[in-house]
Amino acid sequence: MSSTPILPAVEAACVAAEAAFDTYRATSREARAAFLERIGDEIMAIGADLIETASRESGLPTARLEGERGRTVGQLKLFASVVRAGLWMGVRIDPALPERTPLPRPDLRLRMIPLGPVAVFGASNFPLAFSTAGGDTASALAAGCPVVVKGHPAHPATGELVAAAIRRAVAACGMPEGVFGHVTGAGNDVGVALVQDPRITAVGFTGSRGGGLALAKLVQSRPVPIPIYAEMSSINPVLLMPAALAARGAALGTAFAQSVTMGVGQFCTNPGLLIAIESEGLEAFVQSASAALTGAAAGQMLTQGIHDAYDKGAEALAGSADVETLARGLEGDRSDFGRAAFFSTTAEAFLANPALGHEVFGPSSILVRCKDEAELKAVIAGAEGQLTATLHMDDGDEALAEAVLPLLERKVGRILVNGWPTGVEVTHAMVHGGPFPATSDARTTSVGTLAIDRFLRPVSYQNFGQALLPPELRDGAADVPKLIDGKPSLG
């Protein structure tokens with residue numbers, strides 16, 4: 001393990017989080033739910049200053065940030081409802097069977113408990129919904145875990161406004177002070193120190209593949225390795241099916257151009273890969289998309305560094321002998337403005353050159369032209385793990401869709417039909433995750449109520465007397481959903 005010293009501010013936050021853990025995890029469901037709701041109320045109480053600050057730091061428009069604030073508060077309130085419902089506790093009771101032969105069965109009772117202090121890394125592209133009070137923080141707090149947030153250097157003032165709101169909620173709800181910590185720093189030292197602190201028990205991260213892999217290596221090299229839930233890289237393949245292209249190829253091209261340039265392409269679900277079989281409908285799609293993207297205005301990217309990385313990736317594709325540049329958007333008048341980019345290659349070249357399938361974070365996408373169904377299936381099978389896949393299909397495409405669905409299920413966490421992936425609902429049935437390198441653990445999601453499961457682990461209690469059992473495991477515990485001998489019960 002690296003000998004990087006623990007920084008004083010990081011160590012202090014982690015010490016406080018550890019000191020708060022047992023008190024916080026013992027809070028009632030109602031108290032914890034009310035705390036999450038109060039955080040949302042305090043964020044709303046910041047008012048216009050939060051939106052103006054976030055817009056100034058990120059370049060994002062106020063309407064987008066107002067929507068993001070609504071999502072941030074909404075997911076806090078959603079997790080409050082999850083905490084109250086109690087299903088997350090996973091209570092199971094298998095009563096003793098003393099008369100069972102040849103051996104009696106002991107009394108066994110199980111519940112899920114929180115892991116401990118969690119490190120959360122703020123994301124660059126969502127200064128509210130994936131940052132200081134974002135989904136990782138909300139789900140960890142809901143699970144009963146104190147949180148130490150590493151604020152993103154791209155929006156420090158925004159992060160501090162939200163951190164102050166959380167601290168006000170901590171005080172108002174009488175929670176232990178260390179239940180939330182916020183540390184900052186522009187270099188890597190703060191993040192390294194945070195994930196190496198022995199009191200941290202899990203990590204939530206949204207960012208680049210390089211950053212996620214570096215953190216994963218650090219947490220696995222600790223004397224006691226810990227889980228990291230890292231969302232890292234995805235180009236979200238869109239399959240343009242033959243009948244859909246024949247019926248509405250041009251309309252699909254226009255809609256694609258709008259999706260790939262939304263937010264200057266800075267969404268983790270941006271449609272960066274198109275897959276289709278050669279046809280007249282595909283040519284109509286290409287012409288329409290190319291025309292729309294050629295006239296697309298450049299937009300301000302989140303940081304100069306993100307812009308420079310985007311330009312480098314787009315230029316690498318443009319310079320490849322196997323790639324045709326179909327369209328470039330309008331030039332911007334600032335150095336941090338990103339131009340749309342639309343490329344094309346063959347299935348053979350795509351399969352032979354894995355670099356063509358790497359994420360270019362920004363308004364860029366590459367079309368893979370396939371000769372037939374076999375090549376289309378081969379491209380899907382050869383692609384990396386992704387957050388999403390989309391099927392654009394009409395009547396007549398059902399057989400092909402049925403044939404590729406098992407391949408897609410192995411590659412992605414969410415499959416859409418006749419939509420665009422740039423939009424993630426915060427619901428009970430949402431999966432925002434996927435096989436590597438989309439995430440570091442394909443069994444989990446960072447959006448939706450299942451996100452709470454990342455920060456819980458099971459403990460089984462055998463032959464305990466009633467007085468020593470946790471309250472939710474005692475006989476007759478009211479309003480606690482459970483399985484008794486495998487059968488659902490509330491009693």
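The crossing of helices α9 and α10 is right-handed, a term used when the near helix is turned clockwise from the far one by less than a right angle. The model is predicted, and local features need pLDDT of at least 70, side-chain atom pairs count only at pLDDT 80 or more, and totals for chains, interfaces and linings use all residues. Residues are numbered from 1 along each chain as its sequence is written, and side-chain values use heavy atoms, with hydrogens and water left out.

Helix α9 spans residues 242–261 and helix α10 residues 280–294; helices (H or I, at least four residues) and strands (E, at least two) are DSSP runs numbered from the N terminus. The two axes come within 7 Å and cross at roughly 30°, where axes are lines fitted to C-alpha atoms, for helices over the stretch in contact, and angles run from 0 to 180 degrees between N-to-C directions. The helices α9 and α10 are therefore roughly parallel to each other (angles under 35 degrees count as roughly parallel, over 145 as roughly antiparallel, 65 to 115 as roughly perpendicular and the rest as oblique). Residues in contact (heavy atoms within 4.5 Å) include Leu245, Gly249, Gly253, Phe256 and Val260 of α9 and Leu282, Phe285, Ser288 and Ala289 of α10. By class, the contact of α9 with α10 holds 13 nonpolar, six polar and no charged residues; Ala, Val, Leu, Ile, Met, Phe, Trp, Tyr, Cys and Pro count as nonpolar, Asp, Glu, Lys and Arg as charged, and the others, Gly among them, as polar.

Within α9, Gly253 is buried, with a relative accessible area of 0% (buried means under 20% relative accessible area, exposed over 50%, partly exposed in between, with a 1.4 Å probe and protein chains only). Residues up to four places away in sequence aside, Gly253 touches Phe285, Ser288 and Ala289.

Asp49, Leu50, Thr53, Ala54 and Glu57 of α3 meet Pro156, Ala157, Thr158, Leu161 and Val162 of α6. This contact of α3 with α6 has six nonpolar, two polar and two charged residues.

The largest nonpolar core has 53 residues, of which Phe35 and Ile43 touch the most other members. A nonpolar core is a set of buried Ala, Val, Leu, Ile, Met, Phe, Trp, Tyr and Cys residues joined through side-chain atoms within 4.5 Å. Elements that each supply at least two residues of this core include α2 (29–46), α4 (62–85), α6 (156–172) and β17 (456–462). Beyond its neighbours within four places in sequence, Phe35 is in contact with Tyr24, Leu141, Ala169, Val170, Cys173, Met175 and Val179. A second, separate core of 38 residues includes Leu65, Leu302, Ile306 and Val379.

Some backbone features lie in loops. The peptide bond from Thr101 to Pro102 is cis, with omega near 5°, and Pro102 is in the loop between β1 and β2. The bond from Phe436 to Pro437 is also cis, with omega near 5°. Asn236 has a positive phi near 50° and is buried, at 0% relative accessible area. Asp479 has a positive phi of about 60° and counts as exposed, at 59% relative accessibility.
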